[in-house]
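Student: I would like to work through a model feature by feature. Please give the general idea each time, then the case at hand.

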Amino acid sequence: MLYLEILHTMRDKTALSGTGIAMGNATRIAARQTINGDGAHAAYRSPRAQRGKTRTGGGRLFFSLTLAFVLAAAAILALPRDAHAVEVGDFDIILTEGGDPTEGRDYEYSKNVLTVKTSTPLTISMKSGVASTTTDVIETAANGADVTLAGVSIDVSGNITVAAMNVASGTLDLTLAEGTQNSLVAGSRRAGLQNNAYSLVVTGKGSLRAQGGERAAGIGSAVQGNGRNITITGSAMVEAIGGTGAAGIGGGTSALTESENITISGGYVKATAGTDADAIGGGYNAQGTDGVAIAGGAFPADAVSDGKVYGVV
């Protein structure tokens, strides 16, 4: 069919030279239209039109790829960030809920003191290769500080007037990570876990051993401090050992005011006092104790044979 139509058109082109160009175009159009045999399915496009279509299609493709990239990037950014430990002195710290802590905003580290500055929950552990530190300590200086200890071991007993961990200002919610053992041993005249007058809550499912230096509480105040606003709750296993003349939990020796607002509402607690001090309450030669409430937790009447439940001694 195509061959006969081309011969016929060539003959007409010779006879009608004035319309040869138009007829030649018609021939090419007819030839293209009859490739499929029915002259209806294939549409002719000039080279210029075809180039325009290519450019338009390329633009659409670029736009589609760009949009897909932007949507994919947005989806990735929307996902929770993985927590990455940041090595700070002898410690590793992470944001408990994921992401990277920022120096200056979340914490500072200077002269062997790691200072928590944020209420954003942080988890602190020992860095790889360090089982215990004899130089670095922790303090918190934020309202609503939220710190989890996950296997922290600090022993600065060889130093003078250094607390292993100190609530310097604000408040602290301290969680003991499940299955971890934590130890805070202070230098002379400072508490293992020191809180002179702020607010300290200890909870979690891990364990803590806090030992005060000479004349300071295991958990509570330094020498001459009253040790107050301390709560132990949850399922934490806590052993607090006071230094000479100091309470296990509460005040140091010669406190100028009463030890008060100390509450144990859960957990397993063993508090050991120094000479002539209260296990939970005031130290030797202190002004007294007021507002010690033991509403839960485990004490002698609740003792069990596995040794995990402690009493006040």
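This is a predicted model: local features need pLDDT of at least 70, side-chain atom pairs count only at pLDDT 80 or more; totals for chains, interfaces and linings use all residues.

Student: What is the mean pLDDT of the protein chain, and how many of its residues reach 70 or more?

Tutor: The mean is 77, and 65% of the residues reach 70 or more. Residues 1–44 have a pLDDT below 50, with 22 contacts in the model beyond near neighbours in sequence.

Student: Which helices and strands does the protein chain contain, by number?

Tutor: The protein chain has three helices and 20 strands. Of its 313 residues, 39% are buried. Its accessible surface is about 16300 Å², and carbon and sulfur atoms hold 53% of that. As for contacts with a separation of 6 or more, 71% are between residues 24 or more positions apart.

Student: How many bridges join β12 to β9, and how many join β12 to β15?

Tutor: Strand β9 (residues 181–185) and strand β12 (residues 207–211) run parallel and are joined by five bridges. Five bridges also pair β12 with strand β15 (residues 237–241), again in the parallel sense. On the β15 side, Q211 has I241 as its bridge partner.

Student: Take A210 in strand β12. Is A210 buried or exposed?

Tutor: Relative accessible area under 20% is called buried. A210 has 0% relative accessibility, so A210 counts as buried.

Student: What is A210 in contact with, leaving aside its neighbours within four places in sequence?

Tutor: A210 is in contact with L184, L193, G218, I219, E239, A240 and I241. A separate reading is the C-alpha to C-alpha distance: A210 and A271 are 9.7 Å apart in space and 61 residues apart in sequence.

Student: Where is G267 found, and is G267 buried or exposed?

Tutor: G267 is in the loop between β17 (259–264) and β18. G267 has a relative accessible area of 8% and is therefore buried.

Student: How many salt bridges does a search of the whole structure find?

Tutor: The search finds three salt bridges. To read one, look at the distance between the nitrogen and the oxygen, then at where each partner sits and how accessible each is.

Student: Which residue forms a salt bridge with E87, and where do the two partners lie?

Tutor: The partner is K127, with the closest N and O atoms 3.6 Å apart. E87 lies in strand β1 (residues 86–88), and K127 lies in the loop between β5 (122–126) and β6 (137–149). The two are 40 residues apart, so the pair links distant parts of the chain. E87 counts as exposed at 56% relative accessibility, whereas K127 is buried at 19%.

Student: Which residues form the other salt bridges?

Tutor: R105 forms one with D106, the closest N and O atoms being 3.1 Å apart. D106 counts as buried, at 2% relative accessibility. K117 and E108 meet through their side chains in a salt bridge of 3.0 Å, N to O. K117 is partly exposed, with a relative accessible area of 33%, and E108 counts as partly exposed at 39%.

Terms used
Residues are numbered from 1 along each chain as its sequence is written. Side-chain values use heavy atoms; hydrogens and water are left out. Helices (H or I, at least four residues) and strands (E, at least two) are DSSP runs, numbered from the N terminus. Buried means under 20% relative accessible area, exposed over 50%, partly exposed in between (1.4 Å probe, protein chains only). Contact means heavy atoms within 4.5 Å. Accessible areas come from the Shrake-Rupley method with a 1.4 Å probe; for residues, only the protein chains shown count as cover. Two strands pair if DSSP finds at least two bridges between them. pLDDT is the predictor's confidence in each residue, from 0 to 100. A salt bridge is a side-chain nitrogen of Lys or Arg within 4 Å of a carboxyl oxygen of Asp or Glu.
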